[in-house]
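Visitor: Hi! Could you walk me through this one, starting with how residues are sorted into classes?
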Amino acid sequence: MKRRLLWRLLALQGALLAVFGLLIVLALYGSNVAKDADNAVEILQQALTLDDRGRMTLRETPDLAELRREIPTLWYVIRDRQGRELRHGPIPPEFASIGGALDRVSQARLGYLIDDDKATGARLKRIETAYGSIQILTTEEGRVMAPGRASWLIVSVSATVLLPLLVLMTLVTLIATPKVVRWSLKSLEPVVETARKLDVERRGARLPEADVPEEVLPLVSAVNDALGRYDEGHERRRRFLVDAAHELRTPVAILSARLESMPPSPERARLLQDVARLSVLAEHLLNLQRLDRTNPNFQPIDLVELGRQTAANLAPLAISAGYELGFETVVETAGVAGDALALERVLVNLVQNAIEHGGNRGAITIFVACDGGHGIVEVSDQGPGIRPEYREKVFDRYYRVRENRRGSGLGLNLVRDIVRLHRGSIDIVDAPQEGACFRLALPLSRPQHRDKNTDAVGAPNTTDDGR
């Protein structure tokens, strides 16, 4: 912005100075300054010659003819050292008798005031020629300035007046413009600071419009209008998701009950997995929308107890899908602040994801530990795993590594949203053996005590002493 403003100001100043210079030249012409008095002397000098008898005479040169047309009352007195003169025209009486009185004067301007009357001016100049020193006394009017002298006048005015002004204005512009721009935009600092703190999870935030320059105010108002429309759209989306999730719960519960009454079979097990995933998704949506994102009412939660309870609840589902579901911990407690139902849905979703993609073999493990100021929960399986280039993308909405696999592509995205609301992080790390390992880190709310006891749920003889 500063650079564009500087260039525009400099261009404007250059244009203004050019117009100013043109006005100066026009003013000079209008005040007869463009009448070059020396020009008449030069024309007479160029036309001066000697005739066959050695007497001074004037050749009728084109410039002399043009001078006679421009000045019908042209007069002159040309005198050499011997007192010989060449006179022409209506010579003013005050100049007619000067004669040799000014022989020792090289040049002069004469006749501005005589008594109380302004006399016609005269130009006297002594020149050296091939046939001696000549004195020319003629009218002061002269011809309109020749193109060469006009160009010289323009260059002279530009060099002595316009160029110094341009340099001075350029320096002032280069020094003052950044300071003026910085000073003018200083009132935007609160707007910039508020914009930096804008959070997509907070509703009702607006940029301050007080003391904003009038030139920038429409932009700030447009941004505030856009934020208002975003809030309205987000609220409509939230209501739709809540309503849709509520409407899904009843048919999902009915479908689950009917499947439970069917005889055991591989098809029944797969359908139960699908219904469980759909139920988890609906509950996940409800918990995500239920959280107050601007001022969450978090309660103390023990990750050890949460992991143990989740493993107990999902053990039948994992066993029916061909897995062993184990729980391990190396701490007695891992207290965090959060929403219990939302964090429970995070673990349920991760276990459901392991059941879906773990290859229907091996063990799924929920592991709880502490690392510095964070509580750690890892959900790992022994399936094919996730390649490093896909580990960030799987959290994107609607993204699926394999397009032909079942799933909406929303589960892991919702997991990440809930974890972020709890000021935590979730990553995919290398599993202890093979398979995928989701590592969840949440800020601890109180000191923890390390313990070596571990549990296993739904998998006989899986009790372990940690990792």
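Guide: Happy to. Ala, Val, Leu, Ile, Met, Phe, Trp, Tyr, Cys and Pro count as nonpolar, Asp, Glu, Lys and Arg as charged, and the others, Gly among them, as polar. The model is predicted, so local features need pLDDT of at least 70 and side-chain atom pairs pLDDT 80 or more, while totals for chains, interfaces and linings use all residues. Residues are numbered from 1 along each chain as its sequence is written, and side-chain values use heavy atoms, leaving out hydrogens and water.

Visitor: Which classes make up the lining of the second largest pocket?
Guide: That lining has 8 nonpolar, 6 polar and 3 charged residues. A pocket here is an open set of points on a 1 Å grid over the protein atoms alone, where a 1.4 Å probe fits, with protein on both sides within 12 Å along at least five of seven lines; lining residues have an atom within 4 Å of a point.

Visitor: And which residues lie nearest its centre?
Guide: L272, A276, L314, L317 and Q352 do.

Visitor: Which helix gives the largest share of the lining?
Guide: α9, with 6 residues. Helices are DSSP runs (H or I, at least four residues), and strands are E runs of at least two, numbered from the N terminus.

Visitor: New topic: is R423 buried or exposed?
Guide: R423 is exposed, with a relative accessible area of 58%; the cut-offs are buried under 20%, exposed over 50% and partly exposed in between (1.4 Å probe, protein chains only). R423 also has a positive phi of about 60°, though not a glycine.

Visitor: Where is R423 found?
Guide: In the loop between α11 (411-421) and β17 (425-430).
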